[in-house]
Structure formats: structure tokens, C-alpha cells
Amino acid sequence: MIAVPVIVLMRFAFKSIRWVAPSARREIVYGEGFNREFEIVDLGSDTGVVEKAGSWYSYKGERLGQGKDNARQFLMANPEISAEIELKIKQHLGLLPPDQ
């Protein structure tokens, strides 16, 4: 029997009296829970750190994979690239100084 990860897409809307946050999109992988690499792919794509052309994701001209799940598997197999993308995302969002 081949084990295939099951991905569940859930939408959360957080509401408060003072503000309403935008809907959050989180992927949950069956047996793993929330996946860090999915977050890196999503945030990287949203901030422009990771380029998305059609269904392909790439970083600095290197293809990460066709589709989000293949990009996630590539980042899991290459933790140094994953850490570099995560650092660029944090710098882009202003969570780290740009010179780090």
C-alpha cells in the first residue's frame, strides 16, 4: 500500500470588534499537521520572493516544482534553500533588518 499525503484546505476568518483580519489559508497534511514548507511557498509567492508562473514555482531561476506539493517536497529535501527563502521573506516583511 502506498501512503499518499492528504491535503486539507481550511479557511479561517478571525474577527474582532476593532478590526477584521483577512481570511487565512492553511494547508494541513494528514498525519503531519500544519506544514512549514507550505507556508514558505505561500508567503514566498505572496511577497514575490518565490516566482510563480502558471503552476510552476521557482526561486532565483531554479525551479522548485510544478504545483505547491512538489515545491514543498523540494524544500523539504533542500533545507538550505528553504532557510534562505524564509530569511528573504522575513526581510521583505520587515521582521529582520535587510543586512542580515
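The model is predicted: local features need pLDDT of at least 70, side-chain atom pairs count only at pLDDT 80 or more, and totals for chains, interfaces and linings use all residues. Residues are numbered from 1 along each chain as its sequence is written, and side-chain values use heavy atoms, with hydrogens and water left out.

I then went through the pairings. Strand 4 and strand 5 are antiparallel over three bridges, and Lys-52 stands opposite Tyr-57 in strand 5. Strand 5 (residues 56–59) and strand 6 (residues 62–66) are antiparallel over four bridges; Tyr-57 has Gly-65 of strand 6 as its bridge partner. Their hairpin has two residues between the strands, and Lys-60 takes a positive phi near 50° there.

I checked Trp-56 next: Arg-63 lies over its face, 4.5 Å from the ring centre (a charge sits over a ring if NZ of Lys or CZ of Arg is within 6 Å of the ring centre and within 35 degrees of the ring normal).

Last, I noted that helix 1 (residues 36–47) passes helix 2 (residues 68–77) in a right-handed crossing, where the near helix is turned clockwise from the far one by less than a right angle. Helices are DSSP runs of H or I with at least four residues.

Technical notes
Axes fitted to C-alpha atoms, helices over the stretch in contact; angles between N-to-C directions. Pairing = 2+ DSSP bridges.
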